[in-house]
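Thanks for coming, everyone. Please bring up the model, and I'll walk through it.

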Amino acid sequence: MDHINLFCDEVWPSSPTASRNDDEDDNISCRSRFNLSFGTVFHATNYLDRFISMNQNSINNITEWKYWMIELLSIACFSIASKFIDTNPPMLHQINQMEDMEHSFEASAIQRMELKVLETLDWRLACTTAHSYLQLFIHQPPLQQHIIIIRKINHF
Amino acid sequence: MDFRDKFKQLDLGIGTSLSRRPIFKYLDKETGKTIALKRIILRHELLQALPLTGSSNSRQEQPIDVGIPANTIRQISLYRILDHPNIASLEYLGNDPGDHFVRLGFEYVGVDLRKFQKDNAIRSRHPKLIKSLMYQLLSGIAYYHSVNASHGNINPTNVLISNYGDDNNDDEQVNLLITNLDLCVQPSYQAPEILLESNRLSTAVDMFSAGCIFGEMLIGKPVFDTENELGSIFKLLGTPTKQTMRGVIDLDEKLKKYQKHSPKDLSETFIGVEPAGIDLLSKLLCLNPKERIMASEALKHRYFYGIEAKKRVPTPAAAAAAEVGNSSVGPFAAEVGSSSAGPSAAMDSLAAGTSAVVGSPAASASVLVESWIDMVSAALDSSEN
């Protein structure tokens, strides 16, 4: 249930101070640009969260990470999620050419990062995200009037 | 741990893969389990050097510059969650140091179906044994379908038979496992809609392959020809018309080169098989994928009456229910936060992963990367002590 809370706060553009929110914005703008499904964003965030949470116990934790590390990580997560879910995933160089990225990475670097993320996640990609529930709730008429914010993104 | 340290190659190969490499069995030195190794290639320059045959057709459209192929990601994450007594489990997953390919080690017990039939010519024709094996095969397929996946490559080399032998005459005890190695196999066991290059494939392709295997078990040799696969399918089952294969494919062009046949009576080809078996076979070998029997229905077919109670194989419905109970809402369920890799392993992998990073100003970026790796390895050292 932690995940659901996280998404409520962060999926909708909120304060862009924390780096994680920036990623999320990246992911969302990616989504509209490449016309991918919303499930992709949720899955990408899930992978990102899991990857970070698996690293946080070690001594030098993510507070010491540089921005480009997070950026590379989020590109990799996004790319994995889009390939897992969407029928027509964007190419790596398309993701890389987004104007709001601060760095650009070589395709081979992104591929290696993807592999590391997949390994760390133990290749378990089919996860239950908040989005899985959203789809369920949105199509329940009695609940619809209570879900105002969700209507904005209701083009599943 | 390095792959070579963990596993010992067993002397005999089990066949040739689609990429023309022999596939070997390996022995896990710790657990004593035998695995068969399959490699999935990640580098595109290597991918393109491969001959495009059989099920690897899809690689043709794989554009360069996509990172890890989408197929690979989907396949492996599917293998990760499969858990069924009739499906070979994924025992080992690792990549080589250069990240050129991923190694998948599948559980390998007994022998494959073709070898089993060759070595036990009389026993393998035993009706009771066939019934038991078919039930297990269909259970495995039904499980695949219950998680919204299809195997796509069911053939005798992917079906393993174990727990048989001179001292074990109980047909009910013989075990069947479905694995997924890309071995070359002749003839193909693919459904006619694949051979006709239809773009609307479904889980029904597995059922046709299961039908081919069923037929092969009944008569002791492959049902269809090696050379002219589609032609021999039509010879037995009749040439499809617009009525029998409606909506599947535009037939006129593709059928020009095939002779017209009318469907044969299956009981003439499969002599001495009980009527229920013929009925099931005809439903499995149905030309139209939309009318072909589904795996879960096939398990309830009257051919299997009496076998269900004895076999303690969980029904796919029960397996699927367990799956749902765990965590499923999405297409197939998996745990959200598996934590088998420890934090240090994760850190290690992150270091390796970013060592190839090129930032915008190349020089400063490489310094950054170096320092990060130093930091990470320092953390690793202290966590080990």
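This is a predicted model: local features need pLDDT of at least 70, side-chain atom pairs count only at pLDDT 80 or more; totals for chains, interfaces and linings use all residues.

Now chain A. Chain A exposes about 7000 Å², and carbon and sulfur atoms supply 53% of that. Chain A has 156 residues, and 56% of them are buried. Its secondary structure is eight helices and zero strands. Read from the N terminus, the elements are simply α-α-α-α-α-α-α-α. In chain A, 68% of the contacts with a separation of 6 or more join residues 24 or more positions apart.

Back to chain B. Chain B has 385 residues, of which 51% are buried. It holds 15 helices and eight strands. Of its contacts with a separation of 6 or more, 67% link residues 24 or more positions apart.

Next, the cores. Which residues have the most contacts inside the largest nonpolar core? From chain A, they are A:Tyr47, A:Leu73, A:Val117 and A:Leu125. From chain B, they are B:Leu82, B:Leu104 and B:Leu181. This core has 59 residues. On the chain A side, α3 (38-55), α4 (67-85), α5 (92-96) and α6 (107-120) each give two or more residues. The largest share, twelve residues, comes from α4(A). Chain B contributes from two domains: domain 1 (1-44 + 66-108) and domain 2 (111-304) each supply at least three residues. In general, nonpolar side chains in soluble globular proteins tend to be buried together.

Let's zoom in on A:Leu125.

Now a helix in chain B. Which residues of α11 (residues 275-284) are buried? They are B:Ala276, B:Gly277, B:Ile278, B:Leu280, B:Leu281 and B:Leu284. As a reminder, an α-helix has 3.6 residues a turn, so residues three or four places apart point the same way. And what do the buried residues of α11(B) pack against? Four helices of chain B: α5, α7 (204-219), α10 (266-269) and α12 (295-299).

On to a sheet. Three strands of chain B form an open sheet, in the order β6-β7-β8, with antiparallel pairing. The edges are β6 (111-112) and β8 (175-178), each pairing on one side only. Two antiparallel bridges join β6(B) to β7 (residues 159-162) of chain B. There, B:Val111 sits opposite B:Ile161 of β7(B).

Last topic, the cysteines. How many disulfides does a search of the whole structure find? Zero, over all chains. Take A:Cys77, which is in no disulfide. Its nearest cysteine sulfur belongs to A:Cys127, 11 Å away. A:Cys77 counts as buried, because its relative accessibility is 0%. B:Cys212 is in no disulfide either. For B:Cys212, the nearest cysteine sulfur is that of B:Cys286, 13 Å away. B:Cys212 is buried too, with a relative accessible area of 3%.

That's my tour. Over to you.

Technical notes
Residues are numbered from 1 along each chain as its sequence is written. Chains are lettered from A and ligands numbered from 1 in the order in which they are written. Side-chain values use heavy atoms; hydrogens and water are left out. Buried means under 20% relative accessible area, exposed over 50%, partly exposed in between (1.4 Å probe, protein chains only). Contact means heavy atoms within 4.5 Å. A nonpolar core is a set of buried Ala, Val, Leu, Ile, Met, Phe, Trp, Tyr and Cys residues joined through side-chain atoms within 4.5 Å. Domain bounds come from an automatic or database domain assignment. Accessible areas come from the Shrake-Rupley method with a 1.4 Å probe; for residues, only the protein chains shown count as cover. A disulfide is a pair of cysteine sulfur atoms within 2.5 Å. Two strands pair if DSSP finds at least two bridges between them.
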